[in-house]
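Subject: Handing over a structure

Dear colleague,

Please read them with the sequence and the model side by side.

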Amino acid sequence: MKNVLLVDDDPVAQFLGKKQLIHAGIAQDGILIASNGLQAIELLLEYSEAKKPLPELILLDLNMPVLDGFGFLEAFQGLDGALRDQVKIVVVSSSDNADDMRRSRELGASDYMIKPLNADTLVGLLDLQPAC
């Protein structure tokens with residue numbers, strides 16, 4: 001993965017998420033941060049319009065202000081199909097509620113992880129080779 005977008009309103013989760021991504025060797029070109037779903041959608045649209053490389057992976061929290069993870073997933077479905085096809089979404093949430101997991105997948109998330117973000121689990125989900 002070259003670029004990753006981490007969408008979480010918690011600065012500690014952002015910091016730890018970045019550390020885990022770096023440790024796993026994911027996001028060779030960069031880690032983008034958005035504090036809510038609206039910022040994430042705006043960032044994706046900005047990158048798409050400017051022809052900048054889009055994130056290949058979005059790590060998405062569910063519980064955030066302004067636009068939560070479910071709202072992001074719904075808005076994401078309204079984006080251009082070519083843009084959507086380039087991005088894999090993994091929900092990373094503290095919720096272990098089966099309804100949240102089901103709804104996330106129905107709205108387009110490919111995987112669901114319970115926080116905290118763990119590099120080994122993420123590498124396994126993404127079927128990547130671990131960093132040495």
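In these notes a residue is called buried when its relative accessible area is under 20%, exposed when that area is over 50%, and partly exposed in between, with a 1.4 Å probe and protein chains only. This is a predicted model, in which local features need pLDDT of at least 70 and side-chain atom pairs count only at pLDDT 80 or more, while totals for chains, interfaces and linings use all residues. Residues are numbered from 1 along each chain as its sequence is written, and side-chain values use heavy atoms, with hydrogens and water left out. Helices (H or I, at least four residues) and strands (E, at least two) are DSSP runs, numbered from the N terminus.

Let me begin with the backbone. Most residues other than glycine have a negative phi, and most peptide bonds are trans. Lysine 51, in the loop between α2 (37-49) and β3 (57-60), has a positive phi near 60°, and this lysine is exposed, with a relative accessible area of 73%. Valine 66 also has a positive phi, near 70°; this valine sits in the loop between β3 and α3 (69-77) and is exposed at 66% relative accessibility. A cis peptide bond, with omega about 5°, joins lysine 115 to proline 116, and that proline belongs to the loop between β5 (111-114) and α6 (119-126).

The structure holds 6 salt bridges (a side-chain nitrogen of Lys or Arg within 4 Å of a carboxyl oxygen of Asp or Glu). In one of them, aspartate 61 meets lysine 115 at 3.5 Å, N to O. Aspartate 61 lies in the loop between β3 and α3 and lysine 115 in the loop between β5 and α6, so this pair ties together parts that are 54 residues apart in sequence. Aspartate 61 is buried, at 4% relative accessible area, whereas lysine 115 is partly exposed, at 26%.

A further salt bridge joins glutamate 74 and arginine 103 at 3.3 Å, N to O, linking helix α3 with helix α5 (residues 98-106) across 29 residues. Within helix α5, arginine 102 and glutamate 106 form another, with their closest N and O atoms 3.0 Å apart; because they are 4 residues apart in that helix, about one helical turn separates them. Salt bridges that share partners also join Asp8, Asp61 and Lys115 into one network.
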